[in-house]
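Here is a short note to keep beside you as you look through the model.

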Amino acid sequence: MKKVVRILVITLSILGVIWFSLFTRVDRSPYAESEFYVEMDARLDSLAASFQEEQTKDSLNVGWSRVSITPTTQAPLAGYSNRNPKLMESLHDSIFVRTVVFQQGLMKVAFVSADLLIFHPEVTNKVYAGLPKGWSAQQLYLTTTHSHSSMGGWAPGLVGKAIAGEDDDTTAQFIADRVIESILTAEQTLAYSQVGMVESNVEQLVYNRLAHDEGITDPWLKSLLINRKEELGIMNFYAAHATCLNSQWHSLSGDFPGHLNELLRKDTLYNFALYGAGAVGSMGPIAPGEGWDRAAQFASRLKKQMDFLPMIASFSDIPGMTSFHLPLPLRDPYVKITENWAIRPFIFKELAGDYSVSMSVFKLGSTVFIGIPADFSGELAVPLYQKARDLGLNLVITSFNGGYIGYVVKDEWYDLNKYESRSMSWYGPDNGAYLSEIIERILQIVS
């Protein structure tokens, strides 16, 4: 009997060692007491002390481009871990990278949106490395449409394979080359322009897919209109996930954002259209039907909101613009397996990679674009929009700015046993409050 007990004790001890070597308790210490917060606090204080937006009488010049990133060979589709097989079976509609270059005096910024799930760091780093003379990473503002049926194959590691299919060494470079091409092409079309910002409440097309009726939605369609020579361009940002096409869809597609862009481009009203994912975390599209009919109907309903925007937009010159990236320190990442236990950070980094991330800021007159390396929740965005209005600013929050830290949900929902909060909220129970504080402080600095 003693021998059995001894064996049992040894076995349990070994299992305990294995458990604690692989798993750790969820860190619930207040973020304001952490080292990463002290670091971020110092960076924001430094930014506040040094930030100075120069007013200028220089005219604003704008150029735009649309470059295909449609693969020429069969590629995996990115977006759904349960899509099987992941290889595309056909090409439904082409995918593109769209770029708008803004230049005022010596200052220029390239605003880039691609028909991709995310801008993975493997792609982003190649874009930065390949920038031609006269361009730097600080001058790039990246986002995507977040289509869940676009090209994958750009992310190494097991997590990358689950989300984006088998990594192809050439795909990330192919995308990066097209991004750089789009920037240079847009720069060649620069011409004097005026801009106008419009916010539209489109609450009938979006729902809270995480908290449902217990939560709120981000109903705001943000549209920047560009009057260039005798041409009109539009940049749209909305919170609904590009998931009209589900995991059973096996054809390459830009989903509703890609279709919306093409509808607008072929219209006699607009000469160019760009769509960027807004605060899509927790927000889903309200779209009846199935398959492509669902995506097409959703795009058409969104387009109707834009048919009258030129009549109400107030076009004007802008007094100045600025662009910068702000490094974002965070907790160690982990994936929760229960409410209070998670896989240790070193395992997570081995599976998903270990990349630095930052916030992107582009201020164009009174409009402030802030790019987040995440699926940032629309529930967090709505109060930030109001804080911006109180400061006399128009805030546009976009997701997928070249890095990726998973979902950033409202802290109230962090312990829900759902995909977004359990499996994809990698950086702690109060990451929503932390990033919201950063955004609010950035707004106060640039106002």
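**Cavities and one alanine**

1. Strand 11 (220-228), strand 12 (231-238) and strand 21 (394-399) each give at least two residues to the lining of the second largest cavity. Strands here are DSSP runs of E of at least two residues, helices are runs of H or I of at least four, and both are numbered from the N terminus. The model is predicted: local features need pLDDT of at least 70, side-chain atom pairs count only at pLDDT 80 or more, and totals for chains, interfaces and linings use all residues. Residues are numbered from 1 along each chain as its sequence is written, and side-chain values use heavy atoms, leaving out hydrogens and water.

2. That second largest cavity holds about 40 Å³ of space. A cavity is a set of points on a 1 Å grid over the protein atoms alone where a 1.4 Å probe fits but cannot get out, and lining residues have an atom within 4 Å of a point. Its lining includes Trp220, Phe237 and Ile397.

3. The search of the whole structure finds two cavities of 30 Å³ or more.

4. Lastly, look at Ala242, in the loop between strand 12 and strand 13 (251-252). The C-alpha atoms of Ala242 and Leu117 are separated by 8.8 Å, though the two residues are 125 apart along the chain.

Conventions
On a 1 Å grid over the protein atoms alone, a cavity is a set of points where a 1.4 Å probe fits but cannot get out, and a pocket is an open set with protein on both sides within 12 Å along at least five of seven lines; lining residues have an atom within 4 Å of a point. Grid points are joined across faces, edges and corners, and a volume is the space filled by probe spheres set on the points.
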